[in-house]
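Please keep the sequence and the structure in view while reading.

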Amino acid sequence: MSEDYRTDPAWAALFAKPEQAQDLRWGGEHMRFKAADTVRELVTRELIEHWLVFGNLRYPQFNVSYGGDGAPPTTFTRTRVLNQHQLTGCAHADDIIEHLDRGGTLVLSNMEQYDQRVGDFCRGLANAVSGTAQTYAYLTAPDQFGSRPHRDTADVFAVQIEGTKQWTLYDLPTGGDWNRGHIDDDTQVTEKVVLEPGDALYVPAGLGHRAQAGPTGSLHLTISLGVPPVRQVIDVLTEELRAVFQRQEAFPPGQAGRAEVARDALRRLAAAVEAADPAAVADRLVRPSEWPHEARRLPW
Ligand SMILES: [Fe+2]
């Protein structure tokens, strides 16, 4: 964990030009920049071709959609039989290719969980921002949209790997009260940005967007960074605040007198909130994944 994420080597490793790492305004504006070669190479068409056949991927580690509408999983997965056990939802490369041929988009999710290079990269970034880092790869057929216009709750880096993609950007709501998910098609467009291979786009959380593949199709990698919502302070303090009250402490029977007891309870809660150590609260917001992230030594 570093004090300033912008000076963390894992953050700088995203950018081909170190000065651009300092230019980015988190949560403020979208920014187009050149991605470092190491980031461009994390996911390639060849790797995807390999993973689909040999990666043992099972739905929903991958998905197929048309313009953001999911295709039925039974149309791109198969059940395999292994020693009389049925493995459902296995990737079927030929069916997926047929979907892509018909204008579909293939989305791979969370490659950091099965590719160590992607995993190392994500762990570094997650530590830098004291949050989470997840990856998605979008392979979109020529001229097709990968999604409907929507807002995400995470801050996102889109790295163009093959082909081009035109990003349509909508508004960025002010304040923190907005919903993730689809937005109306007639929402005012603020900018269109075309990404070429090696280009990257920072999309702050909340900024409405959708992307359309160019005439030769598109492969892009999305790195999605999540930081804890401030309201998580409530979750962090729940146990401590519960401890303010004795387990069997109860309100009196009947409504009379309950407001007085509630007033006293709120006073005690306020005192406990006041006494909470902000540094300790901040520290507990960071929830590193317990899942192993590197090969483990076997016992003998
Ligand atoms: Fe998105």
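Trp51 lies in helix α4, and in this predicted model the residue counts as buried, because 21 other C-beta atoms lie within 10 Å and the cut-off for a buried residue is 20 or more. Trp51 and Ala265 are separated by 214 residues in sequence, and their C-alpha atoms are 57 Å apart in space.

In soluble globular proteins, nonpolar side chains tend to be buried together. The largest nonpolar core here has 52 residues, of which Leu125, Ala137, Phe157, Ala158 and Val159 touch the most other members. Among the elements that give two or more residues to this core are α4 (45-54), β7 (132-140), β9 (155-169) and β13 (209-226), while α6 gives the most, with seven residues. Leaving aside residues up to four places away in sequence, Val159 touches Ala35, Val39, Arg40, Ala200, His220 and Leu221.

According to an unreviewed UniProt entry, residues 106-242 carry the annotation "domain: JmjC". This span is 18% helix and 44% strand, and the C-alpha atoms at its ends lie 46 Å apart.

**A packed helix pair**

Two packed helices are described by the angle between their axes and the distance between the axes. For helix α7 (residues 232-242) and helix α9 (residues 278-285), the angle is about 105 degrees and the axes are 10 Å apart, so α7 and α9 are roughly perpendicular to each other. On the α7 side the contact is made by Gln232, Val233, Val236 and Leu237, and on the α9 side by Val281, Arg284 and Leu285; by class, the contact comprises five nonpolar, one polar and one charged residues.

**Backbone details**

Most residues other than glycine have a negative phi, and most peptide bonds are trans.

| Residue | Phi | Location | C-beta atoms within 10 Å |
|---|---|---|---|
| Asn110 | about 55 degrees | loop between β6 and α6 | 16 other C-beta atoms |

The peptide bond that joins Tyr59 and Pro60 is cis, with omega of about 10 degrees, and Pro60 is found in the loop between α4 and β2.

Notes: Residues numbered from 1 in each chain as written. Predicted model: local features only at pLDDT ≥ 70, side-chain atom pairs only at ≥ 80, totals over all residues. UniProt positions renumbered as here; feature names shortened; annotations may be inferred. Helix = DSSP H or I, 4+ residues; strand = E, 2+ residues; numbered from the N terminus. Core = buried A, V, L, I, M, F, W, Y, C linked by C-beta atoms within 7 Å. Buried ≥ 20, exposed ≤ 12 C-beta atoms within 10 Å, placed from the backbone. Contact = placed C-beta atoms within 7 Å. Axes fitted to C-alpha atoms, helices over the stretch in contact; angles between N-to-C directions. Parallel < 35°, antiparallel > 145°, perpendicular 65-115°, else oblique. Nonpolar A, V, L, I, M, F, W, Y, C, P; charged D, E, K, R; others polar.
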